[in-house]
Amino acid sequence: MTTETLSPTVTAPDSRVNRQFIAILDFGSQYSELIARRIRETQVYSEVLSYRTSAEQLRQLSPKGIILSGGPSSVYADGAPLCDPELWNLGVPVLGVCYGMQLMVQQLGGLVEAADRGEYGKAALFVDDPTDLLTNVEDGSTMWMSHGDSCTQLPSGFEVLAHTDNTPCAAIADHQRKLYGVQFHPEVVHSVGGAALIRNFVYHICQCQPTWTTEAFVEEAVREVRARVGDKRVLLALSGGVDSSTLAFLLHKAIGDNLTCMFIDQGFMRKGEPERLLKLFQEEFHIPVEYVNARRRFINAVDGVADPEQKRKIIGHEFIAVFEEESTRLGPFDYLAQGTLYPDVIESADTNMDPKTGERVAVKIKSHHNVGGLPDNLRFKLVEPLRKLFKDEVRKVGRALGLPEEIVKRQPFPGPGLAIRILGEITDERLDILRDADLIVRQEINRAGLYNDVWQAFAVLLPVRSVGVMGDKRTYAYPIVLRMVTSEDGMTADWARVPYDLLETISNRIVNEVEGVNRVVYDVTSKPPGTIEWE
């Protein structure tokens, strides 16, 4: 088993007690989850908590350090999010990032005001004190700024560690109390010395040890599943992707024959995938799979439905209905296992609910199949050991469990499948067209040796037709959109700058080999403002 950096799944506060970890208090920053990822990359566990988490709750959790995230508010504005002021008396190292630093300054008696000039984008950081937090951060390093307010007066006991041309207090510290603040964002890749700063805080200031590995996650996840499930039976929704396949291997390791994998062919898979999935699991992995051909049922269920949220919810409800019917046939099951990941939970949340107050602090972007289509009266209990992990972390777990690279490196594929890559209504004709076009995209990306260089590469079918000419004849056919993006975790993404000759090859093949298509276009939108999938 390999030893790689990873975080463990934590599903209840009690499981964090007596474990070293870094708590991140979220004040609404778009980068809060990225901070968590950067901490995890140091082989130390981190978890994002509500900014309303009380000092007493934190004391009970015993974090080795606390990070206050950035946020869109001004600390002096009415209704600005505030942390428990007793936090400063916990005796735990604290790092405030951007808004978090300004909050630290204000609550400890300093002054924060609107800056004469905001600072956004890259800025050179001039180091005044190269020790402690800024050890190995080179003078003049590029850091990423995003703020309109500045600290104009520091609290008693604080000193300036670094400045920029526009920000006199770009990094500050009260060394005695181990309170630190940075006006920039060390967690983003644009901050050249950001990784060194984070390591300094985690290792030297918080005194954490790099003990959280892939091996540690697998061992703990197996223990938690066994403790929760006992001798009960678990039904797993197997799709063949890296998430559900990793989950299948993990659950099989934990509960053996008490796991039943069920693959429901809903008719929205890519060309040849159902057959390949069954061959791999049954013949090579020796994990039995119950195959259910429900293609016509699902296609009929979404007949005439154009709204993407309706599609997702219908497919989600249909999945559960089929599971309930098939579980009755196969025998009673107490648990339903899903390969839900952290980005799924974040993007699907109607709110980022505070566990104590229930107040809303985030807005739903779109629902994901794993978390958006479950009925209130679901009779299964859910088992989701991967819901705290990012995609790259799941891949590491998959490798540790022995999954072949064919699955580990498989690009993300949405739960509703091609149903949400066909905009508008779904028909058999449109499904056939998209399957053929998508196969060409995958073949050419593989042939060019770029499959592992892009996060996702796929085709989208638009429900419009345009005029074309083929063989001196007028055509009136569908366009295909090529979508290729690069990303680290799916939270943000950029459109892939693939060679023009590759785009030309794909376009020529699609219009010549796929009947019903006469135009191919390339999507050059990043996330944000777009999402990776079109629906």
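These legends describe close-up views of a predicted model. Local features need pLDDT of at least 70 and side-chain atom pairs count only at pLDDT 80 or more, while totals for chains, interfaces and linings use all residues. Residues are numbered from 1 along each chain as its sequence is written, and side-chain values use heavy atoms, with hydrogens and water left out.

**View 1. Burial of strand β11 (residues 259-265).** Seven of the seven residues in β11 are buried (under 20% relative accessible area, 1.4 Å probe, protein chains only). Strands are DSSP runs of E with at least two residues, and helices are runs of H or I with at least four, numbered from the N terminus. In a regular strand the side chains alternate between the two faces of the sheet. Leu-259, Cys-261, Phe-263 and Asp-265 lie on one side of β11, and Thr-260, Met-262 and Ile-264 on the other.

**View 2. Strand neighbours of β11.** Strand β10 (residues 234-237) runs parallel to β11 and is joined to it by four bridges; pairing requires at least two DSSP bridges. Leu-235 is opposite Thr-260. Strand β12 (residues 289-293) is also parallel to β11, through five bridges, and Asp-265 is opposite Asn-293.

**View 3. Packing of helices α14 (residues 428-447) and α15 (residues 500-513).** The axes, fitted to C-alpha atoms over the stretch in contact, are 10 Å apart at an angle of about 150°. The two helices are therefore roughly antiparallel (angle over 145 degrees, on a scale from 0 to 180 between N-to-C directions). Contacts (heavy atoms within 4.5 Å) involve residues including Ile-440 and Val-441 in α14 and Ile-506 and Ile-510 in α15.

Conventions. Buried means under 20% relative accessible area, exposed over 50%, partly exposed in between (1.4 Å probe, protein chains only). Angles under 35 degrees count as roughly parallel, over 145 as roughly antiparallel, 65 to 115 as roughly perpendicular and the rest as oblique.
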